Amino acid sequence: MKKLFFFASLLIVIVAFAGWLAWVNRTTFIAYMISSHLRVPVLIEQLELNTTTAEIDQLWIGNPSGFRTKTAFSAARGVGVSSWSKLRGDPLIIDAITISNIFVGLEYNKSKTSNWDMILQKEKKKVDSKPPRDYLIRKVVLENLTVAVTDPGGKTKEYPTIARLEFNNISSQTGFPIEEIEKAIFNLMMQKILQQFNPQQLIKDWAPLPKGTPLPFLPKSGK
């Protein structure tokens, strides 16, 4: 009986320690999860969680290897609103996501393939993988979004800031063959950008950035 009590107590301590370790390293863990979905480097400076809100400060997403520029996406702040019961439900429900002060780097290589083509490409499904859980995001708001486009020769043009983009009812049933939530959001974002800026014109309309133009956000680590 004493041995059983000892092992039960030891198991509780181990579980509690693992939970504490996961909480302490939550920022690194979330960055790793996003990075594994997008297959590019991801950095998050700070992450705060409570029962209804998740807040991310300074999110940076890098480019796939082979591209000249380092940054595919950066944002000063992101806030998600939901609840534990909604996140555990089926479908998973997020009430709202707001991302502000965004930079999007769109770069084309010599084959006219863009960095975002590679980031958003569909992964091959494993034969034994479980079907993904359905999800619904009621509202996504992107604020102050700036786009810079780089041609295969390395010339970059920055376009006027888009004050606000809003998307409603993003779900696994809306026709996008993308399983990860972040990919669904980025897919909609890039479609809207390319609707506003004619992609053929983007490739033709190259011009260097004016002198003195501030560089897009990069993490404080300098990576």
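Analyst: Buried means under 20% relative accessible area, exposed means over 50%, and partly exposed lies in between (1.4 Å probe, protein chains only). By that rule Trp-116 and Phe-186 are both buried. Phe-73 is buried as well.

Some ground rules come next. This is a predicted model, in which local features need pLDDT of at least 70, side-chain atom pairs count only at pLDDT 80 or more, and totals for chains, interfaces and linings use all residues. Residues are numbered from 1 along each chain as its sequence is written, and side-chain values use heavy atoms, with hydrogens and water left out.

Now the rings. Rings of Phe, Tyr and Trp (its six-membered ring) pair if their centres lie within 6.5 Å; planes under 30 degrees apart are stacked, over 60 edge-to-face, and the rest tilted. This rule gives two aromatic pairs. In one, the ring centres of Phe-73 and Phe-186 are 4.8 Å apart and the planes meet at 65°, so the pair is edge-to-face. Phe-73 belongs to strand S3 (residues 71–81) and Phe-186 to helix H5 (residues 181–196), so this pair ties together parts 113 residues apart in sequence. Trp-116 and Phe-186 make a tilted pair, with 5.3 Å from centre to centre and 55° between the planes. Trp-116 sits in helix H4 (residues 115–119) and Phe-186 in helix H5, so that pair links parts of the chain 70 residues apart. Phe-73, Trp-116 and Phe-186 form one aromatic cluster.

The elements named here are DSSP runs, numbered from the N terminus: helices (H or I) have at least four residues, strands (E) at least two. The protein has six helices and eight strands. Their order from the N terminus is α-α-β-β-β-α-β-β-α-β-β-β-α-α.

What surrounds the rings? A nonpolar core is a set of buried Ala, Val, Leu, Ile, Met, Phe, Trp, Tyr and Cys residues joined through side-chain atoms within 4.5 Å. The largest one has 44 residues, and those with the most contacts inside it include Phe-73, Trp-116 and Leu-145. In soluble globular proteins, nonpolar side chains tend to be buried together.

Leu-145 shows the packing in detail. A contact means heavy atoms within 4.5 Å. Not counting residues up to four places away in sequence, Leu-145 touches Ile-102, Val-104, Pro-160, Thr-161, Ile-162, Leu-165, Met-189 and Ile-193. Across the protein, residues 24 or more positions apart account for 62% of the contacts with a separation of 6 or more. Of its 223 residues, 37% count as buried.
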